[in-house]
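Here is my notebook from a first look around.

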Amino acid sequence: MEFKVRAYRFNPETDEKPYYKEYTVEDYPGMTVLNALIKIKSELDGTLSFRRSCRSAICGSCAMKINGITKLACKTQVSLEIDKFGIINVEPLANMPVIRDLIVDQEVFFDKIKAIKPYLLGQREDAAHNIFKTLKEGEKISQPVYDKSEFKNLTGNEDTPNCILCECCYSECGGVVGNKDYLGPAALAKLYRYVEDPRDIDKNGSRLVNGSMPNGFWDCVHCQSCEQFCPKGISPVKSIVKLHEKSIKNSITFSSGSKHVVSIARSIGETGRLDEIKVAFESGGVTGLLNDLPVAFGAGLKGKIPPLRLKLIKDMEDIRLAYKELDLEDKL
Amino acid sequence: MLKHDVVIVGAGLAGLRAAVELRKKGIDVVIVSKVYPTRSHSGAAQGGVNAAFDENDSWESHFFDTVKGSDYLGDQDAIEILTSEAPGNILELQSMGVVFNRNDKGGIAQRPFGGQSFPRSCYYADAVGHMMLHGLFDNVLKYKTKILYEYFVTSLLTDNGKVSGVVAYDIKNGKFEGIAAKAVLFATGGYGQVYSSNTNALINTGDGMAISINAGVPLMDMEFVQFHPTTLKSTGILVTEGARGEGAYLLNSLGVRFMSKYAPKAMELAPRDVVARAEQTEINEGRGVDGAILLDIRHLGKERIMERLPQIMQLSIDFEGVNPIHEPIPIRPGAHYSMGGIKTDYNGRTAIEGYYSAGESACVSVHGANRLGGNSLLDTVVFGRRAGIDIAEYLKSAAEDRKFDESAIKRDEEKFEQLKKSAGKERHGLLKSELQEEMRANVGVFREENAMKKALDKIGELKERAKNIGIDDKSKTFNTDIVEAFEFSNILLIAEVITRGAILRKESRGAHYRTDFPERDDSNWLKHTLATLDGKGNIKFDFSEVAITKFKPQPRTY
């Protein structure tokens with residue numbers, strides 16, 4: 001069966017703006033989109049440019065938009081795409097500048113990975129005897145002992161160390177769309193990986209403080225795209241939420257995002273209701289309040305004015321019990 | 001022109017491990033790689049990395065298993081280093097941030113692997129290469145290492161008998177760059193792309209080996225190519241030996257565990273050469289299933305598969321349309337690993353002063369005629385580390401007594417420009433496919449003189465046709481067309497070295513099996529083959545002794 005591939009083309013040396021070029025390819029059972037692109041390149045048009053390497057969804061080179069959705073070309077079956085869309089549309093990843101055709105500039109993405117300091121900041125003391133040695137005849141080596149549970153968030157098959165840095169999440173990230181300086185899901189998932197590492201002496205220290213700065217994990221817009229589009233089944237947004245939880249548990253609450261969460265918790269805990277004015281003030285201070293004024297004014301015109309005094313709800317006792325259960329009493 | 005003390009070419013495990021060793025000492029290093037480091041093919045290694053930790057295991061046992069696995073062609077002094085330094089290396093990696101699964105005692109979990117007499121393969125589910133690659137890359141970032149990524153190295157330069165640097169093509173903008181250095185390490189990986197149906201990445205085109213032989217450095221034991229017994233039938237994608245380590249069965253069309261016939265004791269966990277030949281025999285004798293063998297892990301149960309082999313499950317579903325929880329996986333042997341490579345000693349040194357190699361691109365030789373599963377990752381870190389240490393030592397005394405020949409930059413640039421101008425009609429992508437298919441058919445699992453001579457004729461024909469390669473892409477920005485054309489010239493050269501070496505070696509040893517010479521012949525062939533080019537560019541061979549220190553060659557049965 002023949003099918004069509006419609007490829008985004010752009011060469012900065014010759015093209016003023018991008019265009020699309022169509023190719024007709026012969027299908028075979030099990031053909032992937034990457035196979036199709038390779039066939040085009042070797043048989044029809046050597047100028048079509050894309051990154052590729054392992055063919056088996058582990059190197060992360062061939063992420064691109066296929067029929068509008070960010071995927072790895074190597075693990076996308078042609079037949080499934082054709083059944084759904086009748087064509088294979090390929091375009092470069094979003095949120096990064098295009099260098100040529102399907103190739104984007106990844107420098108900023110990797111700079112953000114570097115920014116979170118993706119390595120152990122130091123060693124826990126009981127691991128310090130890990131000094132290299134060459135064994136003599138009959139000699140054994142003793143190894144540090146870690147309980148399985150210490151690595152429980154790092155050894156599951158959908159845990160963050162399985163990230164291949166393919167940039168699918170980054171391409172689909174709503175947070176990056178709104179703020180190009182936002183670190184993005186992959187870098188923050190990596191941050192979480194090191195926060196969870198039992199060997200790191202920084203446990204719950206500077207990593208959470210730095211990650212709470214502007215462009216850090218409080219800038220996630222919770223659109224869930226990173227989870228939806230991850231080809232390895234990892235959920236960066238879950239890691240981000242855990243970073244939120246850990247920060248608040250460790251009273252790292254200087255960011256407006258964390259103040260917002262704490263303020264909401266307090267408001268519900270005190271009255272069972274959301275005190276919107278107070279939450280706006282406690283999250284952003286006077287400036288925050290002023291920034292929210294146009295919104296509040298618009299809402300007021302529609303008759304949506306939050307009450308200045310909140311009445312306690314009837315079931316306050318249940319809320320107190322729930323807070324006690326969640327160990328949140330100290331946040332009240 | 002750039003200038004650094006050390007250039008490391010290749011950013012897989014061996015290159016990164018060496019870089020960390022050098023950067024820890026504050027040495028000026030640049031890593032040059034044709035892909036971003038985390039795209040390197042080390043990341044695709046799945047099953048494990050060997051080291052003797054258990055109180056009932058010993059590194060000496062690992063030493064012997066590796067010598068026997070190599071069919072006695074491995075150099076025993078080097079294998080002793082590999083195995084006695086293995087546990088220390090693994091613990092060092094762990095302290096650098098690499099995560100391994102844990103056993104019930106809180107130590108590193110280990111699984112059985114082929115040809116190993118004890119379960120000693122440390123793992124991170126079925127993605128240990130990925131874990132190690134990313135862990136080491138993180139350390140390279142920690143030590144703020146300069147990385148030139150998407151640079152394709154085209155030449156190795158020497159002067160005064162010493163290495164003087166490399167020439168590299170910046171794929172992003174088409175500019176050639178000279179990088180002068182006192183030490184150069186090639187950690188450029190293997191040549192799986194010589195064969196069709198291989199487990200390798202498309203980038204594994206033997207570039208470092210081809211550049212080396214062109215620069216006068218001998219390639220050793222290149223005829224020894226490992227065919228992995230379990231690669232997905234349709235795509236050649238790797239299915240880890242860890243599957244068999246966890247207890248998988250190999251079945252033929254009669255539903256029989258046929259390994260009982262070929263390796264009654266080790267069964268599915270015999271070394272790869274033995275299993276690959278057994279499978280091919282079953283297929284050739286009509287007991288295959290559509291040209292494949294079945295790998296059955298159903299009896300392990302869903303929970304264990306999800307915990308230990310999650311990647312295998314996903315790859316089988318995505319690439320073969322088979323869910324291994326419910327159905328056996330169709331597999332067949334596929335080209336996997338290059339035992340041969342750039343001849344080095346156990347410190348990574350080559351025939352040229354200041355020039356080093358480590359990892360799959362190198363041949364120390366610790367794998368001899370057949371590598372055991374779980375020993376390649378170990379090789380990368382043990383000898384990557386050692387090369388780093390030796391380079392640091394070398395720099396202390398290395399003098400500035402060599403000039404970087406800047407005309408070489410112009411020369412390589414001219415070569416690229418000439419090729420771009422060519423009006424030839426041959427397409428390198430198609431020539432590559434023809435070569436790969438020829439090599440699979442005639443220089444594969446089973447070899448025989450006449451078939452290999454046919455392959456040699458084909459290589460000759462392709463060399464002629466390669467003179468008429470045309471390049472569609474004339475631009476400078478990310479011109480992968482021209483890079484692939486040069487990669488093709490590299491695999492063509494490597495294919496010829498493999499084939500000539502295989503014709504020359506008139507015996508069967510490890511992965512090199514000659515149907516016309518089915519026995520191992522220690523009296524004539526217990527020696528390494530060394531390939532170099534003569535003045536006219538023809539391949540010629542010398543031999544060198546195998547280091548035998550502790551274990552005299554014995555018949556090899558499993």
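Which domains does the domain assignment give for chain A? I found domain 1 (2–41 + 48–104), domain 2 (107–126 + 150–249) and domain 3 (256–331); such bounds come from an automatic or database domain assignment.

Before going on, I noted that this is a predicted model, where local features need pLDDT of at least 70 and side-chain atom pairs count only at pLDDT 80 or more, while totals for chains, interfaces and linings use all residues. Residues are numbered from 1 along each chain as its sequence is written, and chains are lettered from A and ligands numbered from 1 in the order in which they are written.

**Domains 2 and 3 of chain A**

I looked up the C-alpha centres of domain 2 and domain 3 of chain A, and they lie 28 Å apart. Five residues from domain 2 and four residues from domain 3 make the contact (C-beta atoms, placed from the backbone, within 7 Å). On the domain 2 side I read two nonpolar, three polar and no charged residues. Here Ala, Val, Leu, Ile, Met, Phe, Trp, Tyr, Cys and Pro count as nonpolar, Asp, Glu, Lys and Arg as charged, and the others, Gly among them, as polar.

**A:Glu172**

I found A:Glu172 in helix α4 (residues 168–172) of chain A; helices are DSSP runs of H or I with at least four residues, numbered from the N terminus. Is A:Glu172 buried or exposed? A:Glu172 is buried because 24 other C-beta atoms lie within 10 Å, and the cut-offs are 20 or more for buried, 12 or fewer for exposed, and partly exposed in between. Leaving aside neighbours within four places in sequence, I saw A:Glu172 in contact with A:Thr70, A:Ser225, A:Cys226 and A:Phe229.

**Where chain B touches chain A**

I looked up this interface next: 57 residues of chain B are in contact with 52 residues of chain A. On the chain B side, the elements giving two or more residues are α4 (86–95), α5 (128–142), α11 (310–320), α14 (428–442) and α16 (480–504). The largest share, seven residues, comes from α4(B). By class, I noted 23 nonpolar, 20 polar and 14 charged residues on that side.

**A helix pair in chain B**

I then turned to α15(B) (residues 449–466) and α16(B), whose axes come within 10 Å and cross at roughly 155 degrees. The axes are lines fitted to C-alpha atoms over the stretch in contact, with angles running from 0 to 180 degrees between N-to-C directions. The two helices are therefore roughly antiparallel (an angle over 145 degrees). Their contact has ten nonpolar, two polar and four charged residues.

Definitions and conventions
Contact = placed C-beta atoms within 7 Å. Parallel < 35°, antiparallel > 145°, perpendicular 65-115°, else oblique.
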